[in-house]
Amino acid sequence: MDHFNLIDGELHVENVPLARIAAEVGTPVYVYSAATFQRHARVFRDGLAGIGRKHLAFAVKANPNLAVLRLLANEGFGADVVSGGELARSLAAGMAAKDIVFSGVGKTRIELDQALSVGIGQFNLELEEEGMVLSQLAAARGLRAPATLRVNPDVDAGTHEKSPPAAPRTSSACRSTRRRRSSIGSRLCPG
């Protein structure tokens, strides 16, 4: 169920005619339904109620609107961020730092330090070098950074030929470890 409905042939959001919104604020305009977001967030969360340990994180790149992020924070969701800007937006929206996961390639030293300083819940590492920088930054603060290493095994997922899954010969994590030939890299990315 959502809260966009035709009433007497006119589209409404939460019983407000979209034509009235367009007349008052102009177009183009993005119109969201808080009630629809809340319902979908609750249905998703409640659907996982039987799972003991879980972390619900919204991918901020999907919609960085502060009102949307605030609504999701109020529903108990954390954030999956890929930049310092997304981290700042998530915190500004009221998401707890411990509920934020920092993913993606290309995290800068400044962004890693920023995330450490606010105490995010987890770093998803894509490269061995990224882990080394994070380790140095954490050690300088007397901290231990909560981190996971993303590994792309050579598995054919049967995706479209134009979007193949990463294989050891192309995986960023494996490329990094091959260059350095670290013990973990040689076990996870042989060859």
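A polar contact, as I use the term here, is a pair of N or O atoms within 3.5 Å; within protein, one must be able to donate a hydrogen and the other to accept it, and residues adjacent in sequence count only if both atoms are side-chain atoms.

I am reading a predicted model, where local features need pLDDT of at least 70 and side-chain atom pairs count only at pLDDT 80 or more, while totals for chains, interfaces and linings use all residues. Residues are numbered from 1 along each chain as its sequence is written, and side-chain values use heavy atoms, with hydrogens and water left out.

**Entry: Asn-124**

I found Asn-124 in strand 7 (residues 122-125); strands (E, at least two residues) and helices (H or I, at least four) are DSSP runs, numbered from the N terminus. Which side chains does the side chain of Asn-124 join by polar contacts? I noted Ser-103 at 2.9 Å and Thr-148 at 2.8 Å. Asn-124 is buried, because its relative accessible area is 18% and buried means under 20% (exposed is over 50%, partly exposed in between; 1.4 Å probe, protein chains only).

**Entry: the core**

Next I looked up the largest nonpolar core, which has 26 residues; such a core is a set of buried Ala, Val, Leu, Ile, Met, Phe, Trp, Tyr and Cys residues joined through side-chain atoms within 4.5 Å. Leu-72, Val-81, Ile-120 and Phe-123 touch the most other members. Helix 3 (66-74) gives the largest share of this core, 5 residues.

**Entry: Leu-72**

Leaving out residues up to four places away in sequence, I see Leu-72 touching Ala-41, Phe-58, Phe-77 and Met-95 (contact means heavy atoms within 4.5 Å).
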